[in-house]
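Hi everyone, thanks for making time this morning. I'd like to walk you through one model, so please have a look at the screen.

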Amino acid sequence: MRKKMIIGNWKMNMTPNECKSYINFIKNKIDAALEDNDIILCVPSVDFIDALKCVENTKIMIGAQNIYFEKKGAFTGEISIRMIKELGINYTILGHSERRNIFSESEELINKKVRAAVENSINPIVCIGESEKQNSKFSAARFIKIQTGNVFVSINTQQAKKITIAYEPVWAIGTKSTPTLERIQEVCYEIRNNIVNLYGQLISEQIRIIYGGSVDSKNIKEIINLPDVDGVLVGSASITPEFISIVNYQKT
Ligand code: PGA
């Protein structure tokens, strides 16, 4: 059975002091939910050390928002896999649409990062999803199939199992509008189907596929309970007290 995951993507928010106050505020309020769900806060890299300290003795995990694929060297401004691993961080978001669109990350670069991550026992949460322009049913399906294939280039079966795919329609990010539940299920089913074609049924059933884009305390329960949705990626609401009700969705 695939364990559900709730991932907070803090983006470029929260100074180290704000990070400490926020985690200390939420951590005792979400204890029960941690039995059934993996909760991962993907924080800015300057917050790693404080965030890790704050979650000691809890089951909350800390993740990165990005890494570079090279081992080390002259790559000003980047962080390596060894750097996050030494701290005890095992998850990273990769290929978020903001990385793709604002920082011009290509499918090829994202695949290199995914490969570097899985080769070094880091679990990448790889974002894919159609833009507003591609939002007609047919072109979105075609686009998502291509994107899924590009994520898994040169990834073997054992490595594939470490990857989580986050379906994030770009038009739903930060807009307070989400696709219908039918549509979310349909696309996540399609993504799993694409993975069946790549690795077979058994592996496809072990890979987690999550949804992201305007998830809040009102819509999480219905979204996370869809058959092919194994969790959610939460942006804006993950830096507010609302995140507590999101994580505790089973209580409502
Ligand atoms: P949102 O962001 O929850 O603010 O829509 C999601 C994301 O960017 O991952």
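Glu-168 has a polar side-chain atom 2.7 Å from an oxygen atom of the ligand. This is a predicted model, in which local features need pLDDT of at least 70 and side-chain atom pairs count only at pLDDT 80 or more, while totals for chains, interfaces and linings use all residues. Residues are numbered from 1 along each chain as its sequence is written, and side-chain values use heavy atoms, with hydrogens and water left out.

Back to the ligand. The side chain of His-96 also has an N or O atom 2.7 Å from a ligand oxygen. With Gly-235, it is a polar backbone atom that lies 2.8 Å from an oxygen atom of the ligand. When I say polar contact, I mean a pair of N or O atoms within 3.5 Å; within protein, one must be able to donate a hydrogen and the other to accept it, and residues adjacent in sequence count only if both atoms are side-chain atoms. How many residues surround the ligand? There are 13, and the closest are Lys-11, His-96, Glu-168, Gly-174 and Ser-236; the cut-off here is a heavy atom within 4 Å.

Now the barrel. Eight strands close up in the order β1-β2-β3-β4-β5-β6-β7-β8, with parallel pairing. Strands here are DSSP runs of E, at least two residues, and helices are runs of H or I, at least four, numbered from the N terminus. Two strands pair if DSSP finds at least two bridges between them. Strand β1 (residues 4-9) and strand β8 (residues 231-234) run parallel and are joined by four bridges, with Ile-7 standing opposite Leu-233.

Next, the packing. The largest nonpolar core has 67 residues, and Ile-6, Phe-152 and Phe-243 touch the most other members. Helix α8 (residues 181-199) gives this core its largest share, six residues. A nonpolar core means buried Ala, Val, Leu, Ile, Met, Phe, Trp, Tyr and Cys residues joined through side-chain atoms within 4.5 Å. Buried is under 20% relative accessible area, exposed is over 50%, and partly exposed is in between, with a 1.4 Å probe and protein chains only. Not counting residues up to four places away in sequence, Phe-243 touches several residues, including Ile-6, Tyr-22, Leu-41 and Val-234; contact means heavy atoms within 4.5 Å.

Glu-119 is found in helix α5, yet Glu-119 is exposed because its relative accessible area is 52%.

Most residues other than glycine have a negative phi. Ser-121 has a positive phi of about 60° and lies in the loop between α5 (107-119) and β5. Lys-176 has one of about 65°, in the loop between β6 and α8. Lys-176 counts as exposed because its relative accessibility is 81%, whereas Ser-121, at 42%, counts as partly exposed.
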